[in-house]
Amino acid sequence: MASYILRRFIGSVVVMWAVATLVFFMLRLVPGDPIAAMLADAGGPEEMEAMHRRLGLDRALVVQYGIWFWNMLQGDLGSSIYGSRIPVTQIIVEAIPRTLSLSLLAFVIAMVIAVPAGILSATRRNTLTDNTVSFFAFLGLSMPDFWLAILLIIVFAANLQWLPAIGYTPIDEGLWEWFRHLILPAIAIGTAFSAIIARMIRSSLLEVLSSDYMRTARSKGLTPWMLMWGHALPNAMIPVITVMGIAFALLISGAVVVENVFAIKGLGRVLIEGILNRDYPVVQGAVLVVSAIFVFSNLLVDLLYGVIDPRIRLH
Amino acid sequence: MTATASLLEFNDVHVHFPIRQGLFKREVGRIRAVNGVSFDIKRGQAFGLVGESGCGKSTVARAALKLEEPTSGSIRYAGEHVSLLVGPAMVKYRRKMQAVFQDPFSSLNPRQKAGQIIAEPIRVHGLKPPSQIKAEVHRLLDLCGLPTRFEGLYPHEMSGGQRQRIGIARALAMNPELIVADEAVSALDVSIQAQIITLLEDLQRELGLTYLFIGHDLSVVRHICDHVAVMYLGRIVESAPSEELFSNPTHPYTRALIDAVPNPDPAVEAGRHVEPLAGEVPSPANPPSGCVFHPRCPLATDRCRTQSPDLQTIEPNHDVACWNSPQAKATPTTAQRNLT
């Protein structure tokens with residue numbers, strides 16, 4: 001088990017390195033120059049060249065890569081090339097709680113909806129309940145998250161004025177304020193995720209419910225509640241957890257778009273602003289962190305398997 | 001055996017499944033999985049039910065276990081109507097009747113250890129105080145010939161025979177009177193089959209169990225059962241004490257089944273002429289007219305094609321549903337359904 005975790009960890013680090021390297025070179029292939037964007041019409045060719053030299057952008061690409069990589073290994077992701085030159089690490093440390101709060105709240109909301117919906121539609125297969133759940137699941141899957149976000153703002157913030165339309169309040173300034181600001185974006189992101197999970201729970205439960213060991217459990221004289229929570233769901237969750245790991249990417253990528261709609265300065269907004277400004281160090285740092293979240297959440301899922309399914313031995 | 005009270009009694013039980021098709025799920029037909037089955041299992045008896053796959057024998061088991069509701073007819077357990085049981089009486093019934101299922105690979109929850117599998121019914125039904133559950137699990141494992149260390153193993157860590165022993169220990173945990181063994185040994189290797197059959201026989205002797213043993217392997221059924229009923233397409237076509245059935249098979253279908261069992265002696269087997277049964281089992285959604293066996297029967301007459309024969313007693317305890325049985329020929333009127 002320990003050697004499995006170690007090997008998977010090394011593998012994850014290699015993946016992150018590959019992603020970081022790819023992003024480093026791809027960013028520089030994109031047309032557009034940060035200095036041109038920064039100085040606009042304010043500076044002549046000499047100023048531009050001086051700026052390039054000052055930021056180290058005049059050196060060979062390989063050398064730039066080497067320097068960035070060496071600094072990164074020491075935990076230094078560089079600084080934004082703009083204005084006050086804030087260190088990238090600081091920008092990311094400020095952004096991460098926002099994105100993680102948003103994703104986790106979206107995850108919780110999605111599960112609160114998906115688990116009962118999945119159970120209902122599996123146990124009442126092909127009834128009106130099942131069809132209704134399926135209808136809303138497909139509706140949820142088909143709505144783009146940014147569109148749903150705008151819709152939610154129009155209804156709950158603009159018309160009803162129940163909830164704020166933009167911004168973020170840290171959790172230490174009050175749970176309610178934090179929740180009030182995040183609930184709309186969390187719903188916007190979580191809807192598609194919830195639909196996928198509900199459908200997955202339905203099909204997985206249907207398979208488990210018709211299995212021989214459920215028949216055995218029924219003949220033991222267990223109550224329907226014990227059958228569902230003691231025997232059916234734990235077995236049905238095994239494939240659902242796999243999908244959850246993959247669909248977690250959906251939450252993160254959803255956050256990138258939806259953060260912009262709700263003006264929450266999370267990782268997504270940092271990333272998009274960075275890309276628009278050709279702020280190389282910021283984009284590189286943000287992508288590295290996003291890929292780390294993704295890679296390690298998948299590693300976590302694989303490790304969870306061993307806990308949830310005793311038939312799987314991790315070597 | 002006739003003097004003892006009956007434990008499980010099926011009286012003209014039908015189990016039909018509707019076939020639904022089209023946009024509005026209209027019922028377009030019915031699968032008559034069990035079509036008028038009657039039998040009577042005495043306390044302490046080992047009752048065998050044999051037939052080809054699809055003949056409805058597993059549906060009989062499911063109906064007995066109340067996993068399936070009969071469309072019509074009555075099932076009585078120790079004199080009580082099973083379909084009227086609700087609430088605590090129902091739970092008590094479930095406890096008295098336990099099943100051992102066919103496939104020991106899929107019938108045990110993969111996420112539970114053997115100890116949990118056996119302990120769960122004891123705990124849920126409060127059969128033992130919590131402090132004694134562990135000892136009870138050990139006793140049951142021992143009863144089924146497994147060392148106590150098996151309580152810590154998951155089903156996938158055991159062989160098929162060991163799993164089936166766990167399945168039996170689990171059934172015995174409820175202290176049942178009747179064990180429904182639905183193809184309980186069919187999925188096992190022959191040598192393991194012998195072990196499990198011996199175990200079932202020992203348990204019957206020690207605990208005074210009653211068995212409803214369902215199988216398609218005649219030699220296994222003959223070995224373990226006192227009384228055997230042969231099913232074909234949802235009906236019982238012949239029913240007799242084991243020795244009587246095997247020495248004096250009367251229904252052409254029973255004869256064909258017994259003929260199909262190979263003789264273990266190759267010299268005898270080589271010289272034996274077996275007339276294989278022609279054709280396939282017809283669909284229970286669209287059964288043939290008259291006697292359901294007539295399309296495959298070597299003795300079929302015009303009467304067989306139009307009129308369905310009822311079970312008739314030809315010897316004490318020996319019933320057969322065939323127009324060609326001596327009694328049926330002697331009494332051409334529609335015989336009344338009569339079971340001893």
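Chain B has 12 helices and 12 strands. This is a predicted model, so every number I quote is computed from it. Let me stay with chain B for a while.

First, overall dimensions. Along the principal axes, the C-alpha atoms of chain B fill a box of roughly 70 × 60 × 50 Å. Buried residues make up 41% of the 340 residues in chain B. Now contacts between residues at least 6 apart in sequence: in chain B, 64% of them join residues at least 24 apart.

Next, one strand in detail. Take E7 of chain B, residues 178-182. Is E7(B) mostly covered or mostly open? Mostly covered: five of its five residues are buried. Look at the two faces. B:Leu178, B:Val180 and B:Asp182 point one way. B:Ile179 and B:Ala181 point the other way. Both sets are buried, and that includes the aspartate, B:Asp182.

Which strands pair with E7(B)? One is E6 of chain B, residues 97-100, in the parallel sense, over four bridges. In that pairing, B:Met97 has B:Leu178 as its bridge partner. Another is E8 of chain B, residues 210-215, also running parallel to E7(B), with five bridges. There, B:Val180 is partnered by B:Leu212. Between E7(B) and E8(B) the chain passes through helix H6 of chain B, residues 190-207. That β-α-β crossover is right-handed.

Now chain A. How many helices and strands does chain A have? It has 12 helices and zero strands. The C-alpha trace of chain A spans about 85 × 55 × 35 Å along its principal axes. Of its 315 residues, 33% count as buried. For contacts in chain A between residues at least 6 apart, 72% join residues at least 24 apart.

Helix H7 of chain A covers residues 145-159, which is 15 residues. From first C-alpha to last, H7(A) reaches 20 Å, close to the 21 Å expected at 1.5 Å a residue. Where is the kink in H7(A)? It is centred on A:Ile153, and the angle is about 30°. A:Ile153 is also buried, as are A:Asp145, A:Leu148, A:Ala149 and A:Leu152. Note the spacing in that list. An α-helix has 3.6 residues a turn, so residues three or four places apart point the same way. The cover over the buried residues of H7(A) includes helices H8 and H10 of chain A. After H7(A) comes A:Gln161, with a positive phi, near 55°.

That brings me to H10 of chain A, residues 224-261, and one residue in it, A:Ile252. Why does A:Ile252 count as buried? Because it has 21 C-beta neighbours inside 10 Å, and the cut-off is 20 or more. Leaving aside neighbours within four places in sequence, A:Ile252 is in contact with A:Ser103, A:Val290, A:Ile293 and A:Phe294. One more distance. A:Ile252 and A:Ala217 are 35 residues apart along the chain, and their C-alpha atoms are separated by 39 Å.

Definitions and conventions. Residues numbered from 1 in each chain as written. Chains lettered and ligands numbered in written order. Predicted model: local features only at pLDDT ≥ 70, side-chain atom pairs only at ≥ 80, totals over all residues. Buried ≥ 20, exposed ≤ 12 C-beta atoms within 10 Å, placed from the backbone. Helix = DSSP H or I, 4+ residues; strand = E, 2+ residues; numbered from the N terminus. Pairing = 2+ DSSP bridges. Right-handed = clockwise from strand over helix to strand, strands pointing away. Contact = placed C-beta atoms within 7 Å. Expected span 1.5 Å × (residues − 1). Bend = angle between axes of the 7 residues up to and from the residue.
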